[in-house]
Amino acid sequence: MATVDRGTAPAPASALARSQAGRRRRVLDAALALAARGGFDAVQMRDVAAEAGVALGTVYRYFESKERLLIEAHVEQVEDLAERLRASPPRGGGAAERVVEVLRRSTRHLVRRPEATAAMVRALGRARPEEADVVERVKAAMTDIITVAIHADGRPPDGAGRDLAVARVLQQVWFSSLIGWVGGVDPAGRVDADLESAARLLLDGPGARLSG
(Lines give C-alpha, C1' and ligand atoms only; values in the text may rest on other atoms or scores of the structure.)
Protein backbone atom coordinates (compact mmCIF):
# COMPACT_ATOMS: atom_id res chain seq x y z
CA MET A 1 0.00 0.00 0.00
CA ALA A 2 1.38 3.43 -0.93
CA THR A 3 2.25 5.72 1.94
CA VAL A 4 0.78 9.22 1.82
CA ASP A 5 3.27 11.87 2.86
CA ARG A 6 1.23 14.41 4.80
CA GLY A 7 4.21 16.56 5.67
CA THR A 8 4.87 18.31 8.97
CA ALA A 9 4.20 21.97 8.19
CA PRO A 10 0.79 23.37 9.15
CA ALA A 11 -1.57 24.11 6.31
CA PRO A 12 -1.44 27.77 5.26
CA ALA A 13 -4.49 29.94 5.70
CA SER A 14 -6.77 29.72 2.71
CA ALA A 15 -6.78 32.50 0.16
CA LEU A 16 -10.43 33.10 1.02
CA ALA A 17 -9.67 33.54 4.72
CA ARG A 18 -6.85 35.96 3.96
CA SER A 19 -9.09 37.91 1.61
CA GLN A 20 -11.84 38.16 4.23
CA ALA A 21 -9.37 39.27 6.89
CA GLY A 22 -8.04 41.90 4.52
CA ARG A 23 -11.51 43.27 3.79
CA ARG A 24 -12.35 43.37 7.49
CA ARG A 25 -9.09 45.23 8.16
CA ARG A 26 -9.89 47.79 5.45
CA VAL A 27 -13.34 48.37 6.93
CA LEU A 28 -11.90 49.01 10.40
CA ASP A 29 -9.23 51.33 9.03
CA ALA A 30 -11.83 53.20 6.95
CA ALA A 31 -14.06 53.72 9.98
CA LEU A 32 -11.16 55.13 12.00
CA ALA A 33 -10.12 57.40 9.12
CA LEU A 34 -13.65 58.80 8.83
CA ALA A 35 -13.92 59.19 12.60
CA ALA A 36 -10.57 61.01 12.72
CA ARG A 37 -11.87 63.49 10.14
CA GLY A 38 -15.35 64.07 11.51
CA GLY A 39 -16.07 62.15 14.68
CA PHE A 40 -18.96 59.81 15.37
CA ASP A 41 -21.43 61.37 12.94
CA ALA A 42 -18.96 61.04 10.05
CA VAL A 43 -18.96 57.24 10.37
CA GLN A 44 -21.84 56.23 8.11
CA MET A 45 -21.85 52.65 6.89
CA ARG A 46 -22.21 53.64 3.24
CA ASP A 47 -19.26 56.02 3.56
CA VAL A 48 -17.22 53.35 5.34
CA ALA A 49 -17.86 51.00 2.41
CA ALA A 50 -16.76 53.63 -0.10
CA GLU A 51 -13.64 54.50 1.92
CA ALA A 52 -12.72 50.83 2.25
CA GLY A 53 -13.48 50.01 -1.38
CA VAL A 54 -15.94 47.24 -0.52
CA ALA A 55 -19.67 46.68 -1.00
CA LEU A 56 -22.05 47.99 1.65
CA GLY A 57 -23.20 44.43 2.27
CA THR A 58 -19.62 43.47 3.11
CA VAL A 59 -19.51 46.09 5.87
CA TYR A 60 -22.72 44.74 7.39
CA ARG A 61 -21.48 41.17 7.06
CA TYR A 62 -18.68 41.93 9.51
CA PHE A 63 -20.31 44.65 11.64
CA GLU A 64 -24.05 44.85 12.12
CA SER A 65 -23.96 48.46 13.35
CA LYS A 66 -21.59 51.38 13.37
CA GLU A 67 -21.47 51.13 17.17
CA ARG A 68 -20.09 47.60 16.92
CA LEU A 69 -17.69 48.71 14.22
CA LEU A 70 -16.27 51.52 16.35
CA ILE A 71 -16.15 49.43 19.53
CA GLU A 72 -14.32 46.67 17.64
CA ALA A 73 -11.78 49.27 16.54
CA HIS A 74 -11.41 50.36 20.16
CA VAL A 75 -10.96 46.75 21.29
CA GLU A 76 -8.04 46.35 18.91
CA GLN A 77 -6.34 49.45 20.27
CA VAL A 78 -6.77 48.48 23.92
CA GLU A 79 -5.78 44.84 23.35
CA ASP A 80 -2.67 45.97 21.47
CA LEU A 81 -1.74 48.25 24.36
CA ALA A 82 -2.33 45.42 26.85
CA GLU A 83 0.02 43.16 24.89
CA ARG A 84 2.74 45.82 24.82
CA LEU A 85 2.39 46.42 28.55
CA ARG A 86 2.55 42.70 29.25
CA ALA A 87 5.78 42.54 27.27
CA SER A 88 7.22 45.55 29.10
CA PRO A 89 5.29 46.21 32.34
CA PRO A 90 6.21 49.10 34.64
CA ARG A 91 8.27 47.84 37.57
CA GLY A 92 9.31 50.87 39.59
CA GLY A 93 7.57 52.44 42.56
CA GLY A 94 4.48 51.19 44.34
CA ALA A 95 1.29 49.76 42.92
CA ALA A 96 -0.38 53.18 42.59
CA GLU A 97 2.60 54.63 40.68
CA ARG A 98 2.64 51.71 38.25
CA VAL A 99 -1.11 51.86 37.65
CA VAL A 100 -1.00 55.63 37.14
CA GLU A 101 1.80 55.19 34.61
CA VAL A 102 -0.04 52.63 32.47
CA LEU A 103 -3.29 54.59 32.60
CA ARG A 104 -1.48 57.71 31.48
CA ARG A 105 0.05 55.74 28.63
CA SER A 106 -3.43 54.52 27.70
CA THR A 107 -4.85 58.03 27.74
CA ARG A 108 -1.95 59.46 25.69
CA HIS A 109 -2.58 56.79 23.09
CA LEU A 110 -6.22 57.87 22.81
CA VAL A 111 -5.85 61.65 22.83
CA ARG A 112 -3.50 61.56 19.85
CA ARG A 113 -6.62 61.13 17.67
CA PRO A 114 -9.27 63.12 19.56
CA GLU A 115 -12.07 62.86 17.00
CA ALA A 116 -11.61 59.10 16.56
CA THR A 117 -11.48 58.61 20.33
CA ALA A 118 -14.61 60.73 20.76
CA ALA A 119 -16.37 58.50 18.23
CA MET A 120 -15.33 55.32 20.04
CA VAL A 121 -16.37 56.69 23.42
CA ARG A 122 -19.78 57.66 22.02
CA ALA A 123 -20.13 54.20 20.53
CA LEU A 124 -19.41 52.62 23.93
CA GLY A 125 -21.99 54.89 25.54
CA ARG A 126 -24.60 53.88 22.93
CA ALA A 127 -23.86 50.14 23.03
CA ARG A 128 -26.91 47.86 23.01
CA PRO A 129 -27.25 44.38 24.51
CA GLU A 130 -26.28 43.04 21.08
CA GLU A 131 -22.84 44.63 21.52
CA ALA A 132 -22.32 43.31 25.06
CA ASP A 133 -19.74 40.76 23.93
CA VAL A 134 -17.44 43.32 22.37
CA VAL A 135 -17.89 45.75 25.29
CA GLU A 136 -16.79 42.91 27.58
CA ARG A 137 -13.63 42.54 25.49
CA VAL A 138 -12.82 46.21 26.11
CA LYS A 139 -13.32 45.69 29.83
CA ALA A 140 -11.23 42.52 29.87
CA ALA A 141 -8.33 44.23 28.12
CA MET A 142 -8.44 47.21 30.49
CA THR A 143 -8.67 44.88 33.49
CA ASP A 144 -5.57 43.09 32.22
CA ILE A 145 -3.71 46.40 31.87
CA ILE A 146 -4.55 47.49 35.41
CA THR A 147 -4.13 44.20 37.29
CA VAL A 148 -0.75 43.50 35.69
CA ALA A 149 0.43 46.98 36.73
CA ILE A 150 -0.63 46.46 40.36
CA HIS A 151 2.00 43.74 40.84
CA ALA A 152 5.72 44.48 40.49
CA ASP A 153 6.37 41.18 38.70
CA GLY A 154 3.52 41.81 36.26
CA ARG A 155 1.73 38.60 37.25
CA PRO A 156 -1.49 39.10 39.23
CA PRO A 157 -2.35 36.11 41.45
CA ASP A 158 -5.31 33.93 40.54
CA GLY A 159 -8.57 34.93 42.16
CA ALA A 160 -7.35 38.42 43.08
CA GLY A 161 -10.81 39.75 43.86
CA ARG A 162 -9.56 43.07 45.22
CA ASP A 163 -7.49 43.68 42.09
CA LEU A 164 -10.54 43.09 39.93
CA ALA A 165 -12.61 45.48 42.04
CA VAL A 166 -9.91 48.16 41.75
CA ALA A 167 -9.77 47.63 37.99
CA ARG A 168 -13.54 47.94 37.66
CA VAL A 169 -13.71 51.21 39.62
CA LEU A 170 -10.78 52.71 37.70
CA GLN A 171 -12.43 51.83 34.41
CA GLN A 172 -15.61 53.61 35.52
CA VAL A 173 -13.57 56.70 36.43
CA TRP A 174 -11.65 56.47 33.14
CA PHE A 175 -14.81 56.24 31.03
CA SER A 176 -16.56 59.04 32.92
CA SER A 177 -13.53 61.31 32.58
CA LEU A 178 -13.24 60.55 28.88
CA ILE A 179 -16.88 61.56 28.45
CA GLY A 180 -16.09 64.87 30.17
CA TRP A 181 -13.16 65.42 27.83
CA VAL A 182 -15.09 64.36 24.71
CA GLY A 183 -17.93 66.69 25.66
CA GLY A 184 -15.58 69.65 26.03
CA VAL A 185 -16.21 69.96 29.76
CA ASP A 186 -12.68 69.06 30.84
CA PRO A 187 -9.20 69.23 29.28
CA ALA A 188 -7.38 66.00 28.50
CA GLY A 189 -5.21 66.50 31.57
CA ARG A 190 -8.29 66.12 33.75
CA VAL A 191 -8.55 62.48 32.68
CA ASP A 192 -5.07 61.79 34.02
CA ALA A 193 -5.74 63.74 37.21
CA ASP A 194 -8.98 61.88 37.95
CA LEU A 195 -7.37 58.51 37.30
CA GLU A 196 -4.37 59.33 39.49
CA SER A 197 -6.58 60.45 42.38
CA ALA A 198 -8.74 57.33 42.10
CA ALA A 199 -5.73 54.99 41.84
CA ARG A 200 -4.04 56.51 44.87
CA LEU A 201 -7.21 56.40 46.98
CA LEU A 202 -7.84 52.77 46.05
CA LEU A 203 -4.26 51.54 46.36
CA ASP A 204 -2.59 53.89 48.85
CA GLY A 205 -5.57 54.51 51.14
CA PRO A 206 -7.11 57.62 52.73
CA GLY A 207 -3.74 59.25 53.37
CA ALA A 208 -2.85 59.23 49.68
CA ARG A 209 -1.40 62.30 47.98
CA LEU A 210 -4.06 63.33 45.49
CA SER A 211 -3.72 65.06 42.16
CA GLY A 212 -5.09 68.58 41.92
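I take contact to mean heavy atoms within 4.5 Å. With that cut-off I looked up isoleucine 71. Setting aside residues up to four places away in sequence, isoleucine 71 touches Ala123, Leu124, Ala127, Glu131, Val134, Val135 and Val138.

**Ground rules**

I am working from a predicted model, where local features need pLDDT of at least 70, side-chain atom pairs count only at pLDDT 80 or more, and totals for chains, interfaces and linings use all residues. I number residues from 1 along each chain as its sequence is written, and side-chain values use heavy atoms, with hydrogens and water left out.

**Entry: the whole chain**

I took helices (H or I, at least four residues) and strands (E, at least two) as DSSP runs, numbered from the N terminus. The chain has 9 helices and 0 strands. Along the sequence I read the pattern α-α-α-α-α-α-α-α-α. For burial I used relative accessible area with a 1.4 Å probe on protein chains only: buried is under 20%, exposed over 50%, partly exposed in between. Of the 212 residues, 43% count as buried. I then checked contacts between residues at least 6 apart in sequence; 68% of them join residues at least 24 apart.

**Entry: the cores**

A nonpolar core here is a set of buried Ala, Val, Leu, Ile, Met, Phe, Trp, Tyr and Cys residues joined through side-chain atoms within 4.5 Å. The largest has 30 residues, and those with the most contacts inside it are Val27, Val48, Leu69, Leu70 and Ile71. Helix 1 (15–38), helix 2 (45–52), helix 3 (56–62), helix 4, helix 6 and helix 7 each supply at least two residues of this core. Its largest share, 7 residues, comes from helix 1. Apart from it lies another core, of 28 residues, among them Ala96, Ala167, Leu170 and Trp174.

**Entry: helix 4 against helix 6**

I fitted axes as lines to C-alpha atoms, for helices over the stretch in contact; angles run from 0 to 180 degrees between N-to-C directions. The axes of helix 4 and helix 6 come within 8 Å and cross at roughly 115 degrees. For handedness, a crossing is left-handed if the near helix is turned anticlockwise from the far one by less than a right angle, and right-handed if clockwise. Helix 4 passes helix 6 in a left-handed crossing. From helix 4, Glu67, Leu70, Ile71, Ala73, His74 and Gln77 meet Ala119, Met120, Ala123 and Leu124 of helix 6.

**Entry: helix 7**

The expected span of a helix is 1.5 Å times one less than its number of residues. Helix 7 has 19 residues and reaches 27 Å from its first C-alpha to its last, close to the 27 Å expected. I listed its buried residues: Val134, Val135, Val138, Ala141, Met142, Thr143, Ile145, Ile146, Thr147, Val148, Ala149 and Ile150. Their cover includes helix 4, helix 5, helix 6, helix 8 and helix 9.

Next I checked helix 5. The axes of helix 5 and helix 7 come within 7 Å and cross at roughly 145 degrees. This crossing is right-handed. Ala95, Arg98, Val99, Val102, Leu103 and Ser106 of helix 5 make the contact with Met142, Ile145, Ile146, Ala149 and Ile150 of helix 7.

I followed up arginine 98, which sits in helix 5. At 5% relative accessibility, arginine 98 counts as buried.

**Entry: helix 8**

Helix 8 (residues 161–182) has 22 residues and reaches 31 Å from first C-alpha to last, close to the 32 Å expected. I found Asp163, Val166, Ala167, Leu170, Gln171, Trp174, Ser177, Leu178, Gly180 and Trp181 buried in helix 8. Glycine 184 follows helix 8, and its phi is positive, near 80 degrees.

Helix 7 and helix 8 pack at about 120 degrees, with axes 9 Å apart. The pair is therefore oblique; angles under 35 degrees count as roughly parallel, over 145 as roughly antiparallel, 65 to 115 as roughly perpendicular and the rest as oblique. Helix 7 passes helix 8 in a right-handed crossing.

**Entry: leucine 202**

Leucine 202 lies in helix 9. It is partly exposed, at 26% relative accessible area. Beyond neighbours within four places in sequence, leucine 202 is in contact with Arg162, Val166, Val169 and Leu170.
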